[in-house]
Amino acid sequence: MSICHPLPSFVRINTTRCGVMALCRAQCSLKKVRKRHIQGNAPMKYPRAMLTLAVAFCATTSHATTFQANFPSGSIGEVTRLDADGLQWQLALRDDNDNAALPHKFRAWWYVRANDVSVTKPMTLAFTRIGWNYEFRPVYSYDNKRWHYFEDGEARFEPGCRIAEPDTCRMTITKAFERPVVWIARTFPYTYADLRAYLRKFTFSPYVKRVGIGKSPILGKTVPVVRIASPRQGQRQRIVIHARTHAAETGPSYVVEGLMNALTRNDALGQRLRDRYVFDIVPMHNIDGVQLGNYRTNGSSLNLENRWFMDKAVAFPISLLPEAPEENQQLNRAVFAPAVSDQETPTVLALNLHASNSAPNTQAFFFPHFGSDPARYSSEQSALWRKQLSFIRAVASHYDGRIEQPPADGGAGFLNSAFVESWWWHHQQEQVNAITLETTYGRAGFDHWITQDDLRRLGEALALAIDGMDRPHSRSVRSLDDPARVNDVFREPFKPEIYENEAEH
């Protein structure tokens, strides 16, 4: 018997066109699908990983194009057919967890599979409700492994985008695909399965230890932390790194790969770093958000970045307040709190890896804090500022200058916020260089749209910069006292607009 299930409540369907979306175990007649929708039957609850968006047509055809998001990190909202031939489509981005109360700028991710695509005629896909207004290029794949950018003539970010009016923000893709199945994404996906596959490479490494720090609160996935260090005993310093707090900011995952590749190689650099430091790396902080196809939030629609809630009246609050999300509680209990308590292996660097929806030519950039003005900042604040600028310039020197110039004054507004850098400052002030690195999705200083290997090379640049932190004669360290050399490692002039929204990072 053919059974047609009602749609899950989080799927919006458009019945104003001939096409209507359905979720079925077997083929369902359009009459049955429409009847069930119009009657408003109570929807069955399906996990997002099982979601399949299928398009049933008025015309009787056995090769109708269908769009799916029934895989980890998959995401798409309302799909509408625009022509009788099934060659023109509108695909609206969905809000994280279909929560329309979230800001428009949180709507920035799609990852969808198209089936039964025409290989004889071009198809036009209009992705709408995009939460930013900068030119970009999405990617596609025929095997969900090797990704390619659409050519400039195939993809166009339409002018007139007004984020307050989401339907005006749209990317139109017109392409003659070569195969009948194609995956299309906002940028290179990087799923929990991708992370697990990458970490399996180090199963027998004597330098790498993997442990779980807990389960993701909704899907129950193990949250891994990777420790990299030489097996030998001896006094060392600690470096703490975490990535993917914002679920679909995938660039940092490739940066982590590049960094880990450098740390685990049997060369002089890898050996020095393992001997001098203990690296604690949390490569995927927000696993539920990643799995559910969210862009910025976790499975409860919370932005984890600004919820490091602590009791500031306590000098050394090891525990976060109960209202802090479980993902942050886990990271604090298993990594951060033990790090600040370990006097034998003091933490010197805490890197927070993100990605920014910026103008296409924006390079990767850091968020430094405070400044050098003695009238405005304490000696401890100025010391952190100098430490951060030195590290930023070191990274730039190893990445062909493709790092944006930091501002002349980093400000102190983060002290009144609940960012992770605020947590580190409250506990150890200038002793820990706690800083955010934002990768970008565009050309990022290259003569091409940035690739996964470009991002991995940024991870290697981080390793080289870390190598020079306590080696004053290393070429990684640039003099802060020579005004002529302060900005000589950067390729581009300072861009103040990059830092205007610092409080929201």
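This is a predicted model: local features need pLDDT of at least 70, side-chain atom pairs count only at pLDDT 80 or more; totals for chains, interfaces and linings use all residues.
Residues are numbered from 1 along each chain as its sequence is written, and side-chain values use heavy atoms, with hydrogens and water left out.

To return to the pair, H6 and H8 pack at an angle of about 30 degrees with their axes 10 Å apart, the axes being lines fitted to C-alpha atoms, for helices over the stretch in contact, and the angles running from 0 to 180 degrees between N-to-C directions. H6 passes H8 in a right-handed crossing; a crossing is right-handed if the near helix is turned clockwise from the far one by less than a right angle, and left-handed if anticlockwise.

H8 itself, residues 420–428, is mostly covered, with eight of its nine residues buried, where buried means under 20% relative accessible area, exposed over 50%, and partly exposed in between, with a 1.4 Å probe and protein chains only. Those buried residues, including Trp425, pack against helices H6 (326–341) and H7 (379–398) and against strands E16 (237–243), E18 (347–356) and E20 (433–440). Just after H8, glutamine 429 takes a positive phi of about 45 degrees.

A second pair is H4 (residues 268–276) with H9 (residues 452–467), which pack at an angle of about 60 degrees with their axes 10 Å apart. H4 and H9 are therefore oblique to each other, given that angles under 35 degrees count as roughly parallel, over 145 as roughly antiparallel, 65 to 115 as roughly perpendicular and the rest as oblique. On the H4 side the contact is made by Leu269, Arg272, Leu273 and Arg276, and on the H9 side by Ala463, Leu464, Ile466 and Asp467. This contact has five nonpolar, no polar and three charged residues, and H4 passes H9 in a left-handed crossing.

Now to the loops. Serine 118 is found between strand E7 (111–115) and strand E8 (123–128), and is buried, with a relative accessible area of 17%. Not counting residues up to four places away in sequence, serine 118 touches Leu87 and Phe177; the C-alpha atoms of serine 118 and leucine 87, 31 residues apart along the chain, are separated by 7.7 Å.

Aspartate 116 lies in the loop between E7 and E8, is partly exposed at 37% relative accessible area, and has a positive phi near 55 degrees, in a residue other than glycine. Asparagine 144, in the loop between strand E9 (139–141) and strand E10 (148–149), is partly exposed at 27% and has a positive phi of about 65 degrees although it is not a glycine.

Finally, the whole protein: the secondary structure comes to nine helices and 20 strands, these being DSSP runs (H or I, at least four residues, for helices; E, at least two, for strands) numbered from the N terminus. Buried residues make up 58% of the 505 residues.

Definitions and conventions:
Contact means heavy atoms within 4.5 Å. Ala, Val, Leu, Ile, Met, Phe, Trp, Tyr, Cys and Pro count as nonpolar, Asp, Glu, Lys and Arg as charged, and the others, Gly among them, as polar.
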